[in-house]
Amino acid sequence: MPSTLLKPEVAERLRLAFDDDRDAETFFLRLDRYGPELLDSLRAVYRERADVLLERLLEIMLHAYHTRPADLKRLDEARLLSPDWLQSPRMVGYVAYADRFAGTLRGVQTHVDYLEGLGVTYLHLMPLLRPRDGENDGGYAVADYRSVRPDLGSLDDLSALARDLRSRGISLVLDLVLNHVAREHEWAERARAGEDQYRDYFHLFADRGLPDAYETTLPEVFPDFAPGNFTWDPEVGEGQDAEEGAGGWVWTTFNTYQWDLNWGNPDVLAEFVDIILNLANRGVEVFRLDAIAFIWKRLGTNSQNQPEVHHLTRALRAAARIVAPAVAFKAEAIVAPGDLIHYLGSGTHHGRVSDMAYHNSLMVQLWSSLASRDTRLMEEALRAFPPKPANTTWGLYVRCHDDIGWAISDTDAARVGISGPGHRHFLSDFYSGEFPGSFARGLVFQFNPATGDRRISGSAASLAGLETALEDGDEIQIELAVQRLLLLHTVILGFGGVPLLYMGDELALPNDSGYADTTEHAADNRWVHRPRMDWALAQEVQAHPDTPAGQVNAGLRCRIAVRKGLPHLHASIESSVIASPDPRVLLLRRDHPLGVLLEIYNFSEERVVLPAFLLRSHLGEDAHDALSGSALHLTRPTLTLTPYRAMWLTAAEVNA
Ligand code: GLC
């Protein structure tokens, strides 16, 4: 029975660590399945050090396997029986800061009913492991991966919450910050104390030679508040005496207090395998691989999307699959489509890297089409998107905790006859409210004079025009803003992937301009769209579904329910773009074994008349709109779409 991957003596030693034969068999079967992938990726990255590393990882994995709670082992079995669980239309995500949503982890537990009522099956709680004190990039500067932020609770609270969520069919999702740790993390402290073992966890340089060479091809993530990619640290020099100098340069892609890790060091990988498995044993089901694109550095490149990144992810995933197959990975790689697809696996890695990746491009195109009332660029971008492996899924979102960067490709723009830089300029003007007639109210984030980039912060409701319309008391604009919010959410619910509702958007919460009153947040206007949950409003919308927030809420609930009942939305199927007869309208087609689903989205505040014969060729003469529940006779010459109208059409006989 012992795995063919291992030397007989190693296999025998492992075998002895089991009291139970069936348990051992399960472990070895999984090792046979995922071990070769693991070893292959370790060898690709660490070469002659791979075999020793594998033995070390096996010890870690074995310990985690033995200590994995029985209910989680049961979940593992259940997931193995439904390997497509993340692709199911029943998946609906919700993203929230635990403190802003409910104060503490226990507080979150008291609101699980609310999430359940909304139809949520996937809860991403924003960074909650212990960060450094003071500024910490919203928790993305982790000082300890083995404890919870003290004001939120404890690891036991986390386990209890995960258990409760699990019992209601909700998966807990946490951030795994892999690219960097806080300057206050023990590894960084020990590096500063001169321990060579830990100095090797980071990228440290005695002088500007290499940093300058790297900088020539590196972009800047936060050009405004953290320019450059390296930070001088007075305590990190090799020589500890005054003559040699105690200072040095540290690679810090993000903020000066976030130290990039050296993944070329196998110790770093071993640490993270242990961290992942520990959290998995606490009940975390999905890991959001934060800033994963950046973890491998290479001179002469932008040090993003390097092939080693995918090998490392594949290795981490294989290790997780052996111990905790219930666990899935979501890549946070905000990169060009051609690069993004490798995070889900291409070539020999096909479908073996992350299980899910954010579809940043769709998010950008939604806002772009909303501003221009034109879907041609979105059509082009979606058409050019490489297909994903059939066993993977997208994380689909309208808004998240980050700013919106106008990731519009110049090539796509040129294909539809517009200028990339010109369109990006227009979008920044539009969403900062500077463009004449703009409905949006956002803020410019990280203006970069070198590239002209102006990213945008702002809540979905404020960017969609609700804040301005309410202030003006303009009933028509209020109604249109509500429809815009519903339209964008309907696309993410219908595209094929896990729709991720961002806390507060279900109540159309506007910008929180009070963010600047908090010292640690004042310099980072992304906090304008990280509001506190408004529980009074959450109550009120139930009683008053006719208010703007009530309409958004009721509309979302209804669409979520429809989504869950539509097998056509399984994420193994791609949405393909159908040439639209009208530039204001996006047409998507999904070919499911049960029949075709045709999705129609009007991105304008105008009524649009479509020729019905075009729809007939996809659906036949009689169709059914799952969103409105009504029948449609496509024998009529035209179909009229009201402003921002969305339809999900199936052929009528499917519903007979
Ligand atoms: C990710 C997070 C962002 C954070 C960065 C650094 O992009 O979404 O909020 O600033 O990583 O950790």
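A polar contact here is a pair of N or O atoms within 3.5 Å; within protein, one of them must be able to donate a hydrogen and the other to accept it, and residues adjacent in sequence count only if both atoms are side-chain atoms. The model is predicted, so local features need pLDDT of at least 70 and side-chain atom pairs count only at pLDDT 80 or more, while totals for chains, interfaces and linings use all residues. Residues are numbered from 1 along each chain as its sequence is written, and side-chain values use heavy atoms, with hydrogens and water left out.

D20 caps its N-terminal end, with a side-chain oxygen 2.7 Å from the backbone nitrogen of R22. (Helices, H or I of at least four residues, and strands, E of at least two, are DSSP runs numbered from the N terminus.) The helix covers residues 21-46 and bends by about 50° at Y34, with a proline, P36, following within four residues. That bend is the angle between axes fitted to the seven residues ending at a position and the seven starting there. Just past α2, R47 takes a positive phi of about 50°.

Next, the sheet. It is open, with 3 strands in the order β7-β9-β8 and antiparallel pairing; two strands pair if DSSP finds at least two bridges between them. β7 (204-205) and β8 (230-233) sit at the edges with a single partner strand each, so one side of each has no neighbour in the sheet. β7 is joined to β9 (residues 248-251) by 2 bridges, and F205 stands opposite W249 of β9.

Oxygen atoms of the ligand lie 2.8 Å from a side-chain N or O atom of D290, 2.9 Å from a polar side-chain atom of R288 and 3.3 Å from one of R526. The protein covers 94% of the 310 Å² of accessible area that the ligand has on its own (Shrake-Rupley method, 1.4 Å probe).
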